Amino acid sequence: MASESSTSVPGIAVANPTSADAKSAGKGAGTKIAGAGTKIAGAGTKSAGARAARAAGESLLGLKRRARRINKALAEQYPYAHAELDFRSPFELVVATVLSAQTTDVTVNQITPLLFARYPDARSMAEADPAELEAIIKPTGFFRAKSRNLMALCNRLVDEYDGEVPGRLADLVTLPGVGRKTANVVLGNAFGVPGITVDTHFGRLARRFGWTESDDPVRIESDVAELFEPRDWTMLSHRVVFHGRRVCHSRKPACGACAVANWCPSYGMGETDPDKARKLLKYELAPGQEELLSKLLAETHRAAEIRMESQRKPL
């Protein structure tokens, strides 16, 4: 393992890549992993992991080791990582996930208490007045389409599953408004079935980490699954999404305040100065949020509750 030096940033263990680290991570600091947008390879083809490793100039074993080092570092960075949509049942989670399209989890969490107080189960939502349902979910955007999807989804649940959310991927992806991403969110967090959730953040970071060359969510899921044990898939998804929202931003990643910089072939595409990078951090890692971060680290079992309290505000 290459040597590393550390920069002290409050609440964050930051690894600064050396030249040796950059070489072991792929083509070197500042390399951007391009998306290929290819389809899933069929049986008998060379594994996607092998292709990604070859493109990065490392063996498949080396890629797996580097990927798992990143996961370990993210686990240390975010011991409180969790699903950021509030829910108490599989029904609430599938509805909240459908609503989360093209909006933030914070916005969804602000309207779901009222939504589920009014429609606590699939049957009541299936029988909802469309105008009333639309009025409640309007802050999430695209509310008319989402309302139609939710009512169609709930009607399917009532008609075919006795009002219960099914616990199989094959069934979930047939429901209106439910794609593979939503299905994996529900399976992993409501049923304990391992799954990799590929949203915008996860896909972006998977490419930057050199875990995949693809832009296709299904292909990304397949590529990343090859690098980790199934038992790690759900928490890996949470950690990568947490990191994407807080540090590895789309336009200007905070490379100089990144805990996985040592193993990232894309290090250098964002701000590398530690002080400047720290100003780019968001949520509990942002400057001025030290008290929130300390509370999350001290009470990881209450992370969702603490987050809810910190985000609670009137619409």
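# Burial, cores and pockets in a predicted model

Of the 315 residues of the chain, 50% count as buried, where buried means under 20% relative accessible area with a 1.4 Å probe on protein chains only. This is a predicted model, in which local features need pLDDT of at least 70 and side-chain atom pairs count only at pLDDT 80 or more, while totals for chains, interfaces and linings use all residues. Residues are numbered from 1 along each chain as its sequence is written, and side-chain values use heavy atoms, leaving out hydrogens and water.

User: How many helices and strands does the chain have?

Analyst: Helices (H or I, at least four residues) and strands (E, at least two) are DSSP runs, numbered from the N terminus. On that basis the chain has 16 helices and two strands.

User: What span does helix 13 reach from its first C-alpha to its last?

Analyst: Helix 13 covers residues 233-246, 14 residues in total. The expected span of a helix is 1.5 Å times one less than its number of residues. For helix 13 the expected value is 20 Å, and the span reached is close to it, at 20 Å.

User: Is helix 13 mostly covered or mostly uncovered, and how many of its residues are buried?

Analyst: Helix 13 is mostly covered. One of its residues is His238, which is buried with a relative accessible area of 11%. The number of buried residues in helix 13 is 13 of 14.

User: Which residues is His238 in contact with, leaving aside its neighbours within four places in sequence?

Analyst: Contact means heavy atoms within 4.5 Å. With sequence neighbours within four places left aside, the contacts of His238 are Ala81, His82, Ala83 and Asn189.

User: Which residues touch the most other members of the largest nonpolar core?

Analyst: A nonpolar core is a set of buried Ala, Val, Leu, Ile, Met, Phe, Trp, Tyr and Cys residues joined through side-chain atoms within 4.5 Å. The largest such core has 44 residues. Those touching the most other members are Tyr78, Tyr80, Phe202, Trp211, Val224, Phe228 and Val260.

User: Which helices each supply at least two residues of this core?

Analyst: The core draws on several helices, helix 13 among them.

User: Which element gives the most to the lining of the largest pocket?

Analyst: On a 1 Å grid over the protein atoms alone, a pocket is an open set of points with protein on both sides within 12 Å along at least five of seven lines, and lining residues have an atom within 4 Å of a point. The largest pocket is lined by 37 residues, with Ser100, Asp105, Lys181, Asp199 and Arg245 nearest its centre. With five residues, the element giving the most is helix 13.

User: What is the volume of the second largest pocket?

Analyst: This pocket is lined by 15 residues, including Asp86 and Met308. Helix 5 provides the largest share of that lining, six residues. A volume is the space filled by probe spheres set on the grid points, which are joined across faces, edges and corners. For the second largest pocket the volume is about 320 Å³.

User: Which residues lining the largest cavity are the closest to its centre?

Analyst: A cavity is a set of grid points where a 1.4 Å probe fits but cannot get out. The largest cavity has a volume of about 90 Å³. Of its 15 lining residues, the closest to the centre are Cys248, Pro253, Cys255, Cys258 and Cys264.
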